[in-house]
Amino acid sequence: MQAPTHPPPLLAAFLAAQYRVYLPDGEQLLAPGRPFGAKIGAAGTPWALLTAFNPGALAREARANDAAQSRLLALLRAAGHTCWPGLNSDPRGGHAERSVFALGIGAEEADRLADRFGQCGLLAGRLGEAACLRVLRAHWPLPVVDTPFVVWVASVSTEAQRP
């Protein structure tokens, strides 16, 4: 099968989404391919924007999303990461879901957590450098397409590890 030459709809939506983090000094926007230089740590410090909402990009009820998001936040805090609330949303005002911005988390650890919570992708980077959309192959329903600032990563967890 030949890979598509343009992003499939779900990937296009992820790339176009508005990613916000609510820091003590105000709201900051994140975007794949754009540097994130908020003054919250030393340049090069890793970060990730994660959510536990709607695993597999399938809608589920608010109570289940809220419970999973609370578990994700607890795991991040237990690992010693500084966290701030975030919001991932459709720029046209449609879909929105809460997220958490974790400072000090490496991309591989963030991938494992996103995978554990059934996520198709996450935003990650290092302070002062361009953000990347990291897509988890095991949760991705469509063929891989080469797109700037997208990193395709292998899934690492099993169904039994997922909350």
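User: Which element gives the most to the lining of the largest pocket?

Analyst: This is a predicted model. The elements that each give two or more residues to this lining are α1 (9-16), β3 (46-50), β4 (82-89) and β6 (121-126). Among these, the top contributor gives 4 residues, and that element is α1.

User: What is the volume of the largest pocket?

Analyst: The lining runs to 28 residues. Leu10, Phe14, Ala17, His95 and Glu97 lie nearest the centre. The computed volume is about 500 Å³.

User: What is the volume of the second largest pocket?

Analyst: Its lining includes Gln69, Ser70, Leu73 and Arg77, along with Cys83, Trp84 and Pro85. Gly86, Arg98, Ser99 and Val100 also line this pocket. The volume comes to about 160 Å³.

User: Which elements each supply at least two residues of the lining of the second largest pocket?

Analyst: By class, this lining has 5 nonpolar, 4 polar and 2 charged residues. The elements that each supply at least two of the lining residues are α2 (62-78), β4 and β5 (96-103).

User: Is asparagine 88 buried or exposed?

Analyst: Asparagine 88 sits in strand β4. The cut-off for buried is under 20% relative accessible area. Asparagine 88 has 10% relative accessibility, so it counts as buried.

User: Which side chain makes a polar contact with the side chain of asparagine 88?

Analyst: Start with the contacts, leaving aside neighbours within four places in sequence. Asparagine 88 is in contact with Gln18, Tyr19, Leu49, Thr51, His95, Ala96, Glu97 and Ser99. The polar contact between side chains is at 3.0 Å, and the partner is serine 99.

User: How many disulfides does the structure hold?

Analyst: A disulfide is a covalent bond between the sulfur atoms of two cysteines. The test used here is a pair of cysteine sulfur atoms within 2.5 Å. The number of disulfides in this structure is 0.

User: Does cysteine 132 count as buried, partly exposed or exposed?

Analyst: Take cysteine 83 as a reference: at 15% relative accessibility, cysteine 83 counts as buried. The buried class is under 20%, exposed is over 50%, and partly exposed lies in between. Cysteine 132 has 22% relative accessibility, so its class is partly exposed.

Definitions and conventions:
Residues numbered from 1 in each chain as written. Predicted model: local features only at pLDDT ≥ 70, side-chain atom pairs only at ≥ 80, totals over all residues. Heavy atoms only, no water. 1 Å grid on protein atoms, 1.4 Å probe; cavity = no way out; pocket = protein on both sides within 12 Å on 5 of 7 lines; lining within 4 Å. Points joined across faces, edges and corners; volume = space filled by probe spheres on them. Nonpolar A, V, L, I, M, F, W, Y, C, P; charged D, E, K, R; others polar. Buried < 20%, exposed > 50% of the residue type's maximum accessible area, 1.4 Å probe, protein only. Polar contact = N/O pair within 3.5 Å; in protein donor to acceptor, adjacent residues only side chain to side chain. Contact = heavy atoms within 4.5 Å.
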